[in-house]
Every structure is written in structure tokens, then in C-alpha cells.
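Here is a short report on one protein model. Keep the sequence and the 3D view at hand as you read.

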Amino acid sequence: MADREVAGSHLAGYVDILRHASATGRRLTRAEVEARRAEGDRSAEAGLPLRALIRDHLAAAQTVAPTQPSGPLLAAVEQAVDAFVEGYELAQRQAVRQQEAARREFIDDLLYGRGGLGRLAERAERFGLRLSQAHAVAVAAGPEPYGDGYPVARRIEEAVLGRFGNRQILLATKDGRLICVAPGDQPDVLAFFAKQAHVATAGGRAAIGRSHPGPGGVVHSYEEALNALDLAERMGLEGPVLHAADLLVYPVLTRDRQAMADLVESVLGPLRQARGGPQALLDTLISYFDSGCVATEAARRLSLSVRALTYRLERIHTLCGADPVDPRHRYTLQTAAIGARLLGWPGAEA
């Protein structure tokens, strides 16, 4: 039914109900209550404002008041309006649930590249995105999983939208993480999101994928951000915000996984001969390289004396035949150490 027809029908039968109920002092019948509830449902679907609808009900009751006893009339008005509002609110909640389901389905399809790119682009416009443009995605993870409606997610959304307005930004949650999709030429949006997520999640970390064009670009950027978070966990990378563009060397190193595994085992395998296994010496290599090959800083990170650190480096040289202090050997050892972290070497078998 057209909106104007609904607007003229939401009081249909209402005055007659008031007259009959107030004249006899009876309560509304089940059929009358259902009729008022159905009118509330239809009015909500038509998008009519509830406050104006209630005013119409009260005004209509005034036309009946001079001929009916006030007590029964007020009781009938209360029951009729209550049923109408219940129908209206139920319809609104159902509409919200349907919108949330549609939004969730769209987000899943967007982040996984499902549903056809053309259709996806059409649906994106309903949520304020223009997928013909380039987009970048930021993913934030905290100490606990987050879902839509969580206070943390709401605070971040309010902060981002309060700062930037709509501006073709999509905020959501996925698999317990917080997601922000923004146009690729607005890196300030993702930087602000990452900062807010770090604060709101009590020290959580965010990763920002690179900007990529088209509907498939969102998927690509999202995967880069997820991979950056995974790399940070495996590599022990520090800092609240990671940029996929700064970590491109790691996917390159593991593109040929078998070759990297062979390098790690060939270069670092002899460390298995160390008393207590290879882990302590591997940690020494990692700290040494992460410290820019500065022995004093590496020793501080490992809570060792410089003498103890130097002994470990000499032990690595003896076992592996490669000297971490020698620039000619350094690149091979450092690449192998990075590979060990990426592959989880030596693993449980050590």
C-alpha cells in the first residue's frame, strides 16, 4: 500500500473500537487488539513517525470523549494505543534485524570476494562504499574477541564517524576483530581508527593493508592486514600499528616455503647439537640482528652480560661455520633466523 494510503488508514476502526469498549466498560477483544497491532506494523513499514501517529490517536479520542464516560474511554485508549505501538516497535525491530543480517552478509561477501563483483558493487552503495575506487582496510585485534554492538566496537565507531563523518567509511567486526574500510586516498581515516582501536582495546594492535582498486581490492587489502597481524605474532614485531607495505619482504621470503625450510635446516640445523637444544642460540641470533648487531643492546634484551652474549655468538660460529659478526656471513644467518621465526623452527621436535 502506498505511504499516503497507510497514513490515512492507521486510524481505521479505531474510533468505533473506543465507542463500543467505553460504552460497555469492556476491554478490547483479541481481534481488536490484533487489528491495532497490525496497523502499527503497517505504519512502521511505511516509515511514518511514531510521535505523529500517537498524536493522531489522542486527537481521535478527543472526538469521542464528550459522549463517553472518561474512565472506560481512557482504559480503551491506553489498550488500543499500546497494541498499536507494540506492532510498530516489533516491525521496527524486525527491520533492524533484517538490515543487520543484510549488512553482515554484505561484509562477509566483501571481505571474501563472494557474490560477483558487479552485484557486490551495487550492494556496496547501500552501505556508503563506491567500489570503483581504491580502498584500504585496517584490522584491529585486542585481548578478547569483539562483535557488533560490543561497547568497544561502538566507542571506536562513534569516534571515527564523529571525526570524519560518513565519508564512505565502513566499520564492522569479523571473527572477533575490528574492521575499517576506507577510500585509499584517505589514510588518515585508517590511522585514526588504528589509534582508537589501540586505546579502546587496552593495548591491542592494528594492521593496515595497502590500497588496491576495485571490489577485489578490498579483499586484497584485508588479507594483507590479516597477514601482517599474523607476521607480527610470529616474528615478535613491536608497535601498535603495522603497515603491510613495510612487511613485503616476509611474504617474498616464504613464497618458496620448501626453499626457505631447506635454508633454515642447512644453516641452523647444527644448532641442535648445543646443550639444551637450539632455542637459546636462535634467540641470541634474533636479538643480535634485531639490535642492529650491537652486542650491548642484544645482551640487554636477553638479560645477559656482554661476555655471555659474545660466548654464544662464538658458539654459533663454531657449530654453524658462519660468523654472525662477519658481514660476509651475516645476511645468510639473518635470513635463516627470519625463516626460522616464519616457519616456527625448530618446533616441538627440538
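## Cysteines

Cysteine 320 is buried, at 18% relative accessible area (buried means under 20%, exposed over 50%, partly exposed in between, with a 1.4 Å probe and protein chains only). Cysteine 180 is buried too, at 0%.

The closest cysteine sulfur to that of cysteine 320 belongs to cysteine 293, 15 Å away, too far for a bond. A disulfide needs a pair of cysteine sulfur atoms within 2.5 Å. By this rule, the count is zero disulfides.

## How to read the values

The model is predicted: local features need pLDDT of at least 70, side-chain atom pairs count only at pLDDT 80 or more, and totals for chains, interfaces and linings use all residues. Residues are numbered from 1 along each chain as its sequence is written, and side-chain values use heavy atoms, leaving out hydrogens and water.

## Nonpolar cores

A nonpolar core is a set of buried Ala, Val, Leu, Ile, Met, Phe, Trp, Tyr and Cys residues joined through side-chain atoms within 4.5 Å. The largest one has 56 residues. Phe106, Leu110, Leu129, Tyr250 and Leu268 touch the most other members. Another core, of 23 residues, lies apart from it; Ala136 and Val189 are among them.

## Threonine 284

Threonine 284 sits in helix H12, residues 279-290 (helices are DSSP runs of H or I, at least four residues, numbered from the N terminus). Its relative accessibility is 0%, so threonine 284 counts as buried.

Beyond residues up to four places away in sequence, threonine 284 touches Leu302, Leu309, Arg312, Leu313 and Ile316 (contact means heavy atoms within 4.5 Å).

Definitions and conventions
Helices (H or I, at least four residues) and strands (E, at least two) are DSSP runs, numbered from the N terminus.
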